[in-house]
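Reader: I would like to go through this structure with you. Please take my questions in turn.

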Amino acid sequence: MSVSASDAGAVRNDWARAQVRALFALPFTELLFQAQSLHRRYFDPRHVQLSTLLSIKTGGCPEDCAYCPQSAHYETGVAASKLMSLEAVMTEARSARDAGASRFCLGAAWREPKDRDLDAVCDLVAGVRGLGLETCATLGMLSAAQARRLKAAGLDFYNHNLDTSPEFYGRIITTRTYRDRLDTLAHVRNAGIKVCCGGIVGMGESREDRVGMIVALATLPLHPESVPINLLVQVEGTPLHTGASFDPLEFVRTIAVARVTMPASMVRLSAGREGMSDETQALCFLAGANSIFIGPRLLTTDNPLPERDRSLFSRLGLQPLEAPDA
Ligand code: SF4
């Protein structure tokens, strides 16, 4: 089954596996042409949204995600810490805003927040939003009531990734199910919070698994407003620290297929930029990525230094997207 350029323009959530497989199989230049054409229909290609992700509670997580240095199941040298104070988070948020970020994401290594933790996170959300930044949180699984509380505190986005295909998922995580993830996404959506949901490539999955991951995302009842596509950062001590490398062009293809199948979503080039050449990142922008994380750390792993990102934007003639009025 093929996808013609005319089919490819609309936002639709009835993507068949064969159609997504066919997109991945297109000649590289044809796929990028389709992706860039659609990108221009929905977005100004000169603009890239800048987000900052702060780990507000690091390490000691009871989940066993095989890629994650914050899991208590693995010896990675990441020390567990308590939830950061409001003052400390506000200092970080101000400096992210001054560095050009328009969205500030709060990440906590929990299976799910306890209700007393949620009280504190709601205060953080309200404080960060008061600075004129869009707010996002990633706190693990949420109940419907917890999602409603975060919405009432002013949360704009909630991140909860599907990570990979339903078929490959059990090789990566055993402590929560794909269904659990879909349930949390439904609670977030029903509470009126925008959804940030994507996955990770380079975990030893097959292309068919990348097809399955994109199908899972692009057939959600509503597409996530943000779709982070991460390249695995291998951390010593985690089961996925194998030394295997991943083809950068296959990564670019994954970004392009995300853009074609979810044309109105922000596609975020997320983890893994530190190890990517400027040329690979440029291809990702050409493939339709229009959001990145800035700042020297992405939770517990390295991210490009601000000078390198400034130079990249200058070489490519890209501009940061301004924050909407909060
Ligand atoms: S990815 Fe999140 S849930 Fe999984 S181990 Fe890491 S912090 Fe815990």
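Reader: Where is Thr58 found?

Author: This is a predicted model, in which local features need pLDDT of at least 70 and side-chain atom pairs pLDDT 80 or more, while totals for chains, interfaces and linings use all residues. Residues are numbered from 1 along each chain as its sequence is written, and side-chain values use heavy atoms, with hydrogens and water left out. Helices (H or I, at least four residues) and strands (E, at least two) are DSSP runs, numbered from the N terminus. Thr58 is found in the loop between strand E1 (47-57) and helix H3 (86-98).

Reader: Is Thr58 buried or exposed?

Author: Buried means under 20% relative accessible area, exposed over 50%, and partly exposed in between (1.4 Å probe, protein chains only). The relative accessibility of Thr58 is 16%, so Thr58 counts as buried.

Reader: Which side chain does the side chain of Thr58 join in a polar contact?

Author: A polar contact is a pair of N or O atoms within 3.5 Å; within protein, one must be able to donate a hydrogen and the other to accept it, and residues adjacent in sequence count only if both atoms are side-chain atoms. At 2.6 Å, the partner of Thr58 is Ser55.

Reader: In which strand is Ser51, and what is its relative accessible area?

Author: Ser51 has its place in strand E1. Contact means heavy atoms within 4.5 Å, and beyond four places in sequence Ser51 touches residues including Arg103, Cys105 and Phe293. Ser51 is buried, because its relative accessible area is 0%.

Reader: With which side chain does the side chain of Ser51 make a polar contact?

Author: The two side chains come to 3.2 Å in this contact. The partner of Ser51 is Gln49.

Reader: How far apart in space are Gly199 and Glu307?

Author: Gly199 lies in strand E6 (residues 199-201) and, at 0% relative accessibility, counts as buried. Among its contacts beyond four places in sequence are Asn161, Met213 and Pro228. Gly199 and Glu307 are 108 residues apart in sequence, and their C-alpha to C-alpha distance is 27 Å.

Reader: What is the radius of gyration of the protein chain?

Author: The protein chain has 10 helices and 12 strands. Its radius of gyration, taken over C-alpha atoms, is set against the globule rule of 2.2 Å times the number of residues to the power 0.38. For 326 residues the rule gives 20 Å, and the chain is close to that, so it is as compact as a globular protein of that length, at 18 Å.
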